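Visitor: Could you walk me through this one while I have it open? I'd like to start with the loops and then move on to strands and charged pairs.

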Amino acid sequence: MTNKFELSVISAESKVFEGEVENVLVPGMVGDFLVLPNHAPCISSIRPGFVEFSDGASSKHRYFVSGGIIEVINNTVSLLVDKAVTGDKDIKEDISTLISGIDEKLAIADITNKDDLGLRKNDLEEALKQV
């Protein structure tokens, strides 16, 4: 039994990370979940929040993601995200910009997905508190 697995984090702009890791903590739609080696196959949506993983050395990685999907199969994890940001200053600016964009959309009277946008805004506000 191996104690590591392959992780790829890919955003719309670029490949953010690729390598072997010991674990990855993901903000799933119904709560955070931890992926360890030999995890059961799954596909899930990712809500806005922080993805954290350790490559086994003393190095831990933390990225803010604005949403996406995760696929786990045969000790290979793929995270396909809208955006991945590291660095607290950049993260705060990006989250604030996303919240402002949602506020603008919520101000439109005839928008049909107000509930979804409200939930996404709540997730972003929670993520901002963690920075």
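Guide: Helices (H or I, at least four residues) and strands (E, at least two) are DSSP runs, numbered from the N terminus. This is a predicted model, in which local features need pLDDT of at least 70 and side-chain atom pairs count only at pLDDT 80 or more, while totals for chains, interfaces and linings use all residues. Residues are numbered from 1 along each chain as its sequence is written, and side-chain values use heavy atoms, with hydrogens and water left out.

Visitor: OK, loops then. Where does N38 sit, and what is its phi?

Guide: N38 lies in the loop between strand 4 (31-35) and strand 5 (42-46), and its phi is near 65°, a positive value in a residue other than glycine. With a relative accessible area of 41%, N38 is partly exposed; here buried means under 20% relative accessible area, exposed means over 50%, and partly exposed is in between (1.4 Å probe, protein chains only).

Visitor: And N74, is that one buried or exposed?

Guide: N74 counts as exposed, at 67% relative accessibility. Its place is in the loop between strand 8 (68-73) and strand 9 (76-81), and N74 also has a positive phi, of about 50°, although it is not a glycine.

Visitor: Switching to strands: which ones does strand 6 pair with?

Guide: Strand 6 pairs with strand 3 (residues 23-28) in the antiparallel sense over three bridges, and six bridges join strand 6 to strand 7 (residues 60-65), again running antiparallel. Two strands count as paired if DSSP finds at least two bridges between them. As for individual positions, E52 in strand 6 is the bridge partner of L25, and F53 stands opposite H61 in strand 7.

Visitor: How covered is strand 6 itself?

Guide: Strand 6 (residues 49-54) is mostly covered, with five of its six residues buried. S54 has its place in this strand and counts as buried, at 8% relative accessibility. Leaving aside residues up to four places away in sequence, S54 touches V21, E22, N23, S59 and K60, where contact means heavy atoms within 4.5 Å.

Visitor: Now charges. How many salt bridges are there?

Guide: A search of the whole structure finds seven, a salt bridge being a side-chain nitrogen of Lys or Arg within 4 Å of a carboxyl oxygen of Asp or Glu. One of them joins the side chains of D32 and R47, at 2.5 Å from N to O. This pair links distant parts of the chain, since D32 is in strand 4 and R47 is in the loop between strand 5 and strand 6, 15 residues apart. D32 is partly exposed at 48% relative accessible area, whereas R47 is buried at 18%.

Visitor: What about K83, who is its partner?

Guide: K83 forms a salt bridge with D94, and the closest N and O atoms are 3.5 Å apart. K83 lies in the loop between strand 9 and strand 10 (84-85) and D94 lies in helix 1 (residues 88-106), so the pair ties together parts that are 11 residues apart in sequence. K83 is partly exposed, with a relative accessible area of 32%.

Visitor: Last one, E125: where is it found?

Guide: E125 is found in helix 2 (residues 114-129), and its side chain meets that of K121 in a salt bridge of 4.0 Å, N to O. K121 and E125 are separated by about one helical turn because they are four residues apart in helix 2. Salt bridges that share partners join D103, K121 and E125 into one network.
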